[in-house]
Amino acid sequence: MRIHQGRGTAVAAVFLAAFLVSCSASPEAGSERKPTASEQPANVAAAAEPEAQEPLPTPVEKVRDAFATLQATLGDTCTPGNCDYFLGRVNDELTGLDEAMKADPKGPGHFKQPLAWMSALQETLGDDTSTANLEKHRSELIGVRDKINTWMQDHPDDYR
């Protein structure tokens, strides 16, 4: 048994030595092995690293789709227990439509009036989209939604 362990240890040592020699040996002519980044000069190693890529932008909704979701709020109203959801949804839908109009191939100039109304509303609301602030400015919020609905009805090519 002792002889077998000795042979096993000797065989393992031979394999380990062969492995270490092959890892540290310099490449021979015609060898397929390429130097690792740590073996390359610093400027070459840095150039080989891929550049950090910015994440892909989230696609903006089309105007017709954003308008359709805004129109879906036309039948809703502020009712007890629903007002915070309703006002938040109208605000979110107007924000989405604002982004869609700005990104539309026709350009923001085509949507000058609706964008101006939404800009004025955002100025009024500021960064406060709390229920209390939306409730405070409910008439402006609903008014902008209704004006945009009327404007879009006169521009069917933008939502069909």
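Helices (H or I, at least four residues) and strands (E, at least two) are DSSP runs, numbered from the N terminus. This is a predicted model, in which local features need pLDDT of at least 70, side-chain atom pairs count only at pLDDT 80 or more, and totals for chains, interfaces and linings use all residues. Residues are numbered from 1 along each chain as its sequence is written, and side-chain values use heavy atoms, with hydrogens and water left out.

**View 1. Tyr 159 sits in the segment after helix H7 (138–153).** With 16% relative accessibility, Tyr 159 counts as buried; buried means under 20% relative accessible area, exposed over 50%, and partly exposed in between (1.4 Å probe, protein chains only). Leaving aside residues up to four places away in sequence, Tyr 159 touches Arg 64, Phe 67, Met 152 and Gln 153, where contact means heavy atoms within 4.5 Å. Look for Asp 65 as well: Tyr 159 and Asp 65 are 94 residues apart in sequence, yet 7.5 Å apart in space, C-alpha to C-alpha.

**View 2. Helix H4 (residues 83–103) and H7 have axes that come within 10 Å and cross at roughly 45 degrees.** That angle makes H4 oblique to H7; angles under 35 degrees count as roughly parallel, over 145 as roughly antiparallel, 65 to 115 as roughly perpendicular, and the rest as oblique. The axes are lines fitted to C-alpha atoms, for helices over the stretch in contact, and angles run from 0 to 180 degrees between N-to-C directions. H4 passes H7 in a left-handed crossing, meaning that the near helix is turned anticlockwise from the far one by less than a right angle (clockwise would be right-handed). On the H4 side, the contact includes Phe 86, Leu 87, Val 90 and Leu 94, and on the H7 side Leu 141, Ile 142, Val 144 and Ile 148 are among the residues taking part. The contact residues divide into twelve nonpolar, one polar and two charged. Here Ala, Val, Leu, Ile, Met, Phe, Trp, Tyr, Cys and Pro count as nonpolar, Asp, Glu, Lys and Arg as charged, and the others, Gly among them, as polar.

**View 3. A disulfide joins Cys 78 to Cys 83, with an S to S distance of 1.9 Å.** A disulfide is a pair of cysteine sulfur atoms within 2.5 Å, and by this rule the count comes to one. The torsion about the S-S bond is about 70 degrees, so the disulfide is right-handed. Both Cys 78 and Cys 83 are buried. Cys 83 also takes part in the contact of H4 with H7.

**View 4. His 137 lies in the loop between helix H6 (131–136) and H7.** His 137 counts as buried, at 11% relative accessibility. Not counting residues up to four places away in sequence, His 137 touches Thr 124 and Leu 125.
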